[in-house]
Amino acid sequence: MARICIHGIGYVGVVSAACLAKDGHDVVAIDVDPGKVDSINAGKAPIVENGLEELVKAGVESGRLRATLDIEDAINSTDISFVCVGTPSASDGSVGLKYVTAVCEQIGSAIANKSTYHSVIIRSTIVPGSMNEVCIPALELASGMTAGKDFGVGYYPEFLRESTAIEDYYDPGLIVFGSMDKPTEAALYAVNDGLPCECHSVSISTAEMIKYTSNCWRAVKVSFANEIGNIAKASNVDGQEVMSILCSDTKVNISPYFMRPGFAFGGSCLPKDVRALRHLAGTKDVPSPMLDAVLEANKYQIQKAETLVDGLDGKKVGMVGVSFKPGTDDLRESPLAELAARLISKGYDVNIYDPNVSTAFGEEMSAAGRGNDVVPDLQARLVPAISTLIDDSEILLVGNKYDEAIEPLIAASETRPMLDLMRVNPNKSSQGSYEGICW
Ligand SMILES: NC(=O)c1ccc[n+]([C@@H]2O[C@H](COP(=O)([O-])OP(=O)(O)OC[C@H]3O[C@@H](n4cnc5c(N)ncnc54)[C@H](O)[C@@H]3O)[C@@H](O)[C@H]2O)c1
């Protein structure tokens, strides 16, 4: 069992302290507020939260939970610190790091006088880069020691929901952490041992980003459901019934499907249907800021790809895929066709490998090329073999994934500039002249 110090007896701190004590760890909670410290030591919860009062009382009675105002006492009686202080918004909307910074300085000074290894693990919500740019420098400056070598560092975000916090602690939806050193990583695996959830050990910045992604996704879901509810009500439809039935589709709607960062959406349905629902909302005087933003965001993704091509060396572009997705020749509102058209209009010489569009033209299908009203001379730009496309291009632009093209493209990504919109090699990230749109 571990000896853990919890910095900050707020919602996150006190729930973690009480649950860790219940799990058998020795916990010392520290706060600058004497009222909270007294409350814990008296076996009382300083906040209202289902089941917390009993856990705090049991923890204190067992001798495994106590609180203090004294940082030296807290650090010297433990081996691991969990920092759970608040990060309220600063006046410009940025994350407020003043409490986290102050705690890091205090911990740094305290561990400077300690002979045994101490791991400092931040649990507060902080934007990517905060650990490397703020927390670690503050700890190193105050301690005079090197992070990851003389003391441990980790970032371990908390995902609990107030009102079901203890339930969430024992049955989490997500456990993720990043660490600089093996002892800290091992400690994080150990405190989560036995919980019914996979532990994801990632880089510190990835863990920071995942916490914000999770909260922003929750916020997006609420606003989306509300906007659909508003439009539904204005159309005499029950919005709750709509969303509840939508959510019963766990194959596509509530699933990882459509949740993979990459290129813009297109095709014959999504763009026109988003436009139509926005229009309907407008006719009923219901604002639709979420749907407006969806179309804006989609346009931006096409613009982003265009800008990334501009940043690569060369004028001869070999495009892999022009239809709106790989298993079809459908060109209607294909964002790849839009991107090709923009590049051509800027003077790029664009050739295209798209086996499905080529088949449609080759077999003189009646719908061949239909839906393309943006790419000039489409048929003449089509190249039959992926090897020919690669050989004749200065820049490769990968839009759709075709099995036969994967290996040649992975090899080609080593030899010429590539903008990859779908991640031909799942293990490759932007580096040198290889540019992944979101990785
Ligand atoms: N509340 C939630 O549901 C929730 C869930 C997940 C993550 N978070 C994140 O966790 C962090 C903590 O949130 P919270 O709601 O528990 O905060 P809170 O404001 O309830 O508590 C923070 C505590 O830290 C104490 N504190 C401030 N400076 C200190 C110092 N130098 N030393 C010791 N204690 C100090 C404060 O007195 C306060 O008691 C935030 O970053 C928050 O975004 C919150």
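Two residues are taken to be in contact if their C-beta atoms, placed from the backbone, lie within 7 Å. The structure is a predicted model, in which local features need pLDDT of at least 70 and side-chain atom pairs count only at pLDDT 80 or more, whereas totals for chains, interfaces and linings use all residues. Residues are numbered from 1 along each chain as its sequence is written.

By this contact criterion, Ala-225, Ile-228, Gly-229, Ala-232 and Lys-233 of helix α9 meet Gly-239, Gln-240, Val-242 and Met-243 of helix α10, helices being DSSP runs (H or I, at least four residues) numbered from the N terminus. Five nonpolar, three polar and one charged residues make up this contact of α9 with α10, where Ala, Val, Leu, Ile, Met, Phe, Trp, Tyr, Cys and Pro count as nonpolar, Asp, Glu, Lys and Arg as charged, and the others, Gly among them, as polar. The two helices, α9 spanning residues 204-234 and α10 spanning residues 239-247, pack at an angle of about 130° with their axes 8 Å apart, which makes α9 oblique to α10. Axes here are lines fitted to C-alpha atoms, for helices over the stretch in contact, and angles run from 0 to 180 degrees between N-to-C directions; angles under 35 degrees count as roughly parallel, over 145 as roughly antiparallel, 65 to 115 as roughly perpendicular and the rest as oblique. The crossing of α9 past α10 is right-handed, a crossing being right-handed if the near helix is turned clockwise from the far one by less than a right angle, and left-handed if anticlockwise.

For helix α12 (residues 289-310) and helix α13 (residues 335-345), the axes come within 10 Å and cross at roughly 45°, and the two helices are therefore oblique to each other. Ile-302, Ala-305, Glu-306 and Val-309 of α12 form the contact with Pro-335, Glu-338, Leu-339, Arg-342 and Leu-343 of α13; by class, six nonpolar, no polar and three charged residues take part.

Around the ligand lie 25 residues, of which Gly-8, Gly-10, Gly-86, Ser-124 and Thr-125 come nearest, a residue being near a molecule if its C-beta atom, placed from the backbone, lies within 6 Å of it. Helices α1 (11-22) and α5 (98-112) each supply at least two residues of this shell, and the largest share, four residues, comes from α5. The shell comprises 11 nonpolar, nine polar and five charged residues.

The domain assignment gives domain 1 (3-203) and domain 2 (299-436), with bounds that come from an automatic or database assignment. The C-alpha centres of domain 1 and domain 2 lie 49 Å apart.
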